[in-house]
There are 2 protein chains.
Amino acid sequence: MIYELYYWPGIQGRGEYVRLALEEGGAEYVDTALIPDEDGGGVKALMRFLESDDVAHPPFAPPFLRAGRRLIGQTPNILLFLGARLGLAPKAETGRLWVHQLQLTIADFIVEIHDTHHPIGGSLYYSDQEPEAKRRTKEFLAERLPKFAGYFERVIERNPDGRQWLAGSKLTYADLSLAQVVAGLKYAFPDSTRKALRANPRVAHLHDAVFARPRITRYMRSDRRLEFNNDDLFRRYKGLPS
Amino acid sequence: MIYELYYWPGIQGRGEYVRLALEEGGAEYVDTALIPDEDGGGVKALMRFLESDDVAHPPFAPPFLRAGRRLIGQTPNILLFLGARLGLAPKAETGRLWVHQLQLTIADFIVEIHDTHHPIGGSLYYSDQEPEAKRRTKEFLAERLPKFAGYFERVIERNPDGRQWLAGSKLTYADLSLAQVVAGLKYAFPDSTRKALRANPRVAHLHDAVFARPRITRYMRSDRRLEFNNDDLFRRYKGLPS
């Protein structure tokens with residue numbers, strides 16, 4: 001099975017959570033965002049699925065994954081599908097649902113991170129909502145970042161099968177996603193993130209352990225991994241608290 | 001199996017999506033939000049799971065469901081679990097993932113609806129963020145409401161197994177959730193919702209069909225169904241566009 005990933009070119013965004021699972025799982029996949037429009041990739045390839053009338057299960061937005069005849073959208077749903085196939089989730093139902101629950105909490109966290117720079121709406125530029133972004137970022141860094149970081153710290157601490165990962169004794173897709181969120185937060189809000197990681201050392205350790213894995217290291221060094229940038233989910237603005 | 005639902009008393013909130021599935025599925029369940037604190041329900045029962053050190057799989061926030069020895073959090077995850085057991089989701093994997101994908105899109109919609117009245121943060125009162133709420137609501141009603149409504153209209157239209165529900169020939173938990181969102185939008189933004197439903201008649205019909213089902217009708221007439229109110233997810237403020 002060669003998977004096809006569809007996502008906006010030029011950013012990590014939500015596509016990155018899928019990429020990390022594909023890379024760590026050793027999957028064969030085509031990242032259509034890396035292929036030019038004229039060669040059948042890019043935005044054009046993606047819009048076909050969003051706009052064409054003959055797609056039975058249209059996604060609301062990227063990322064989405066093509067797996068044979070299936071087209072699967074919504075990041076946590078893609079990871080639920082891949083987790084079972086790539087050995088990145090427990091097989092038994094209780095463990096599978098627990099990892100998915102953690103992923104959905106990470107997804108909530110990501111929405112709140114995104115909305116620090118777009119509190120009024122995604123259809124407006126950042127520069128059109130800078131005062132509101134300043135207020136929301138202040139709230140986020142004071143209230144939400146410590147709450148989410150503390151939650152994941154507790155989850156790792158209570159994991160009866162090992163004190164390294166969120167769930168069970170083996171790495172899951174939720175660990176990959178949490179590590180990516182931490183990396184993004186370090187880029188966007190270096191000061192507050194340093195403080196949060198000092199207070200939550202297990203989260204800091206999970207981040208380091210994920211990015212030290214051979215397949216993830218190889219991916220990070222490849223030209224498939226894009227740099228963080230300010231068109232992306234995680235942004236660093238001089239006008240916002242860090 | 002007698003399920004136990006844990007949620008904040010006094011509001012429908014995210015608990016309502018679970019309640020509708022339990023009711024339509026004919027499940028036996030205890031809604032702990034309806035039981036006073038002194039009788040072992042209410043906020044006290046809920047906080048025990050959020051705060052106690054001995055919960056192996058702590059939820060980040062309500063709602064969560066106790067099913068025997070399992071404790072399951074995150075609304076779409078609870079519905080994924082219940083859907084299989086209550087006959088509210090397809091059995092085959094492709095259909096199951098598709099319904100879950102739709103539920104996750106409904107969950108995204110719900111976050112955006114909530115944030116119309118809390119664009120800066122949930123830890124502040126509405127009155128502390130009214131100018132921002134006005135701007136965000138305007139954006140939401142102009143851009144997002146038509147986009148989401150049009151998306152679900154297309155999904156119903158393209159459903160090859162019937163033109164009534166989102167997925168397949170039978171009602172699923174995603175239909176129940178979409179109907180609840182429409183009911184909430186009618187309460188919160190009556191003018192814009194009327195317009196959106198006129199433009200998307202299949203969504204309007206789905207709402208009516210769900211609330212005409214015998215078990216849902218019985219639930220709506222019971223004292224288990226709370227009224228919409230302004231401490232809840234869907235709010236109607238004079239200061240905001242409708």
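**Symmetry and fold of a predicted two-chain model**

P119(A) is the residue of chain A that comes closest to the rotation axis, its C-alpha lying at 2.9 Å. The structure is a predicted model, in which local features need pLDDT of at least 70, side-chain atom pairs count only at pLDDT 80 or more, and totals for chains, interfaces and linings use all residues. Residues are numbered from 1 along each chain as its sequence is written, while chains are lettered from A and ligands numbered from 1 in the order in which they are written.

Chain A is superposed on chain B by a rotation of 180° with 0.0 Å of shift along the axis, at an RMSD of 0.0 Å (least squares on the C-alpha atoms of residues with pLDDT of at least 70 in both copies). This is the relation of a two-fold axis. Because 100% of the interface residues of chain A are also interface residues in chain B, the copies meet through the same surface.

Nine helices and four strands make up the secondary structure of chain A (DSSP runs, numbered from the N terminus: H or I of at least four residues for helices, E of at least two for strands). From the N terminus on, the order of elements is β-α-β-α-β-β-α-α-α-α-α-α-α. The radius of gyration of chain A is 18 Å, close to the 18 Å that the globule rule gives for 242 residues, so the chain is as compact as a globular protein of that length; the radius is taken over C-alpha atoms, and the rule is 2.2 Å times the number of residues to the power 0.38. Along the principal axes, the C-alpha atoms of chain A fill a box of roughly 50 × 50 × 30 Å.

Definitions and conventions: Contact = placed C-beta atoms within 7 Å.
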